[in-house]
Amino acid sequence: MRNIPVITIENISKCYDKNNAFVLKDVSLEVKKAEFIALLGPSGSGKSTLLHIAGLLDDPTDGTIFIDGKNIKKASDDEKTWLRLSKIGFVYQYHHLLQEFSALENVMLPQLIRKKAKKAAKEKAFSLLRDLGLKDKANAMPAELSGGQKQRVAIARALANDPILLLADEPTGNLDPETANLVFKDLINITRNNGMSVIIATHNYELSEKTDRKFLISEGKLQEK
Ligand code: ADP
């Protein structure tokens with residue numbers, strides 16, 4: 001069977017405004033199955049911009065994206081929405097958990113939106129929370145969880161529909177260094193065990209050392225380190 005890259009980013013450029021400079025210039029990146037990739041660069045260098053384009057949340061000014069071999073230029077809006085919901089998971093710096101739902105319910109929600117049966121969604125949510133060390137916190141409300149625990153729930157929620165690609169934008173940026181380290185390790189383990197590919201934006205060079213490949217964005221260009 002042909003080993004199709006999970007995502008191919010081909011000669012992407014991005015300019016938000018005609019009068020502004022290009023944020024990304026001719027950026028290309030291919031991510032294989034189960035690869036864990038770090039995107040490094042200072043604040044404002046274009047990491048989020050690249051993740052938004054990779055996650056089909058924004059269009060590039062130029063260039064093409066292939067998700068699981070599918071050329072996005074040829075995809076309808078409905079197809080893009082389907083790809084985003086079924087193949088891509090997102091984790092942000094802020095957890096964005098729904099406060100009125102328990103940890104378990106927060107992880108069940110994206111599955112119920114995809115019409116999964118409630119029992120199966122609950123089992124999946126529980127198994128993800130267990131794998132992330134939150135077996136005893138499944139019924140806790142977000143307000144009852146620490147910062148690291150909330151971020152773990154956000155990771156479980158992003159993985160709930162078995163995406164092939166996880167896009168993480170500074171997911172440990174709000175955590176103290178020790179907690180950041182632990183959450184990062186768990187993120188690597190759970191995605192490796194499930195054969196998922198990850199692109200993680202971070203300005204933490206120490207954590208990036210644990211990834212398979214690292215890239216620096218500088219002046220709009222992507223450079224492998
Ligand atoms: P990073 O994630 O590395 O901090 P961003 O991708 O957020 O960088 O931003 C890169 C550049 O693009 C910055 O100069 C920022 O001001 C600009 N930018 C980001 N989003 C927008 C937007 N929606 N409209 C205009 N400019 C933007």
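The accessible surface of the protein chain comes to about 11400 Å², and carbon and sulfur atoms hold 48% of that area. Please keep in mind, as you look around, that this is a predicted model.

**The chain as a whole**

Let's start with the fold. The secondary structure of the protein chain consists of 7 helices and 10 strands. With a radius of gyration of 17 Å, close to the 17 Å that the globule rule gives for 225 residues, the protein chain is as compact as a globular protein of that length. Along the principal axes, its C-alpha atoms fill a box of roughly 50 × 40 × 40 Å.

| Quantity in the protein chain | Share |
|---|---|
| Buried residues, out of the 225 residues | 49% |
| Contacts between residues 24 or more positions apart, out of those with a separation of 6 or more | 70% |

Charge comes next. The protein chain carries 33 positive and 29 negative side chains, and 4 Å separates the centres of the two sets.

**A closer look at Thr49**

Now for a single residue. Thr49 is part of helix H1, which covers residues 47-54. Its relative accessibility is 8%, and because buried means under 20%, Thr49 counts as buried. Which residues does Thr49 contact, leaving aside its neighbours within four places in sequence? They are Lys14, Tyr16, Val23 and Leu24. Taken together, Thr49 is a buried residue of helix H1, in contact with residues including Tyr16 and Leu24.

Definitions and conventions
Residues numbered from 1 in each chain as written. Predicted model: local features only at pLDDT ≥ 70, side-chain atom pairs only at ≥ 80, totals over all residues. Heavy atoms only, no water. Helix = DSSP H or I, 4+ residues; strand = E, 2+ residues; numbered from the N terminus. Buried < 20%, exposed > 50% of the residue type's maximum accessible area, 1.4 Å probe, protein only. Contact = heavy atoms within 4.5 Å. Rg over C-alpha atoms; globule rule 2.2 N^0.38 Å. Areas by Shrake-Rupley, 256 points an atom, 1.4 Å probe, with all protein chains shown as cover. Lys, Arg positive; Asp, Glu negative; His and termini not counted. Charge placed at Lys NZ, Arg CZ, Asp CG, Glu CD.
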